[in-house]
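Reader: I have a model open and would like to go through how it is put together. Can we start with the terms?

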Amino acid sequence: MPYYVYRMFSFPIRRLEKVAEAPSFGAASLQAKALRASPDLPEGAAIKVIFAANELEAEDLLSQVREAKPGLIGDE
């Protein structure tokens, strides 16, 4: 299964743009780091790497809203 690199926008609507596909995490990670450091990165965009069987699964996983991490013990 390949790794996908996506550019994510959350405003004004949540939008995903596939940037690249790589056979290994190392290659995808290098590309993601280069995109994050690029001055051409649009404001409000995030770069994400996802491991999935295909583009449809990758976009589904990236679109899911995850629950917030639990707080520290004693944090109220």
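Predicted model: local features only at pLDDT ≥ 70, side-chain atom pairs only at ≥ 80, totals over all residues.

Reader: Fine. Which strands does helix α2 lie across?

Author: Helix α2, residues 55-63, lies across β1, β2 and β3. The helix runs at about 45 degrees to β1.

Reader: In what order do the strands sit in the sheet?

Author: The order is β2-β1-β3, in an open sheet of three strands with antiparallel pairing. β2 and β3 (45-51) are the edge strands, each pairing on one side only. From one strand to the next, the twist averages 25 degrees.

Reader: And what does α1 touch?

Author: α1 packs on the sheet and touches β1, β2 and β3. The direction of α1 makes about 180 degrees with that of β3.

Reader: Back to the strands. How many bridges join β1 to β2?

Author: Seven bridges, with the two strands running antiparallel. As an example, Met 8 has Leu 16 in β2 as its bridge partner.

Reader: What holds strands together in general?

Author: Strands of a sheet pair through backbone hydrogen bonds, and the pairing is either parallel or antiparallel.

Reader: Change of topic. Which residues make up the largest nonpolar core?

Author: There are eight: Tyr 3, Val 5, Ala 20, Ala 22, Ala 28, Ala 32, Leu 35 and Ile 47. At least two residues of this core come from each of β1 (3-9), β2 (15-22) and α1 (25-37). The largest share, three residues, is from α1.

Reader: Where does a second core come in?

Author: A second core is separate and has seven residues, including Tyr 4, Met 8, Ala 58 and Leu 62.

Reader: Take Ile 47. Is that one buried or exposed?

Author: Ile 47 is buried, because its relative accessible area is 6% and the cut-off for buried is under 20%. The residue is found in strand β3.

Reader: What does Ile 47 touch?

Author: Leaving out residues up to four places away in sequence, Ile 47 touches Val 5, Tyr 6, Arg 7, Ala 32, Leu 35, Arg 36 and Leu 41.

Reader: What separation do the C-alpha atoms of Ile 47 and Gln 31 have?

Author: Those C-alpha atoms are separated by 9.7 Å, for residues 16 apart along the chain.

Reader: Last one: what does Ala 20 touch?

Author: Ala 20 touches Tyr 3, Tyr 4, Val 5 and Gln 31, again not counting residues up to four places away in sequence.

Technical notes: Residues numbered from 1 in each chain as written. Heavy atoms only, no water. Core = buried A, V, L, I, M, F, W, Y, C linked by side-chain atoms within 4.5 Å. Buried < 20%, exposed > 50% of the residue type's maximum accessible area, 1.4 Å probe, protein only. Helix = DSSP H or I, 4+ residues; strand = E, 2+ residues; numbered from the N terminus. Contact = heavy atoms within 4.5 Å. Pairing = 2+ DSSP bridges. Axes fitted to C-alpha atoms, helices over the stretch in contact; angles between N-to-C directions.
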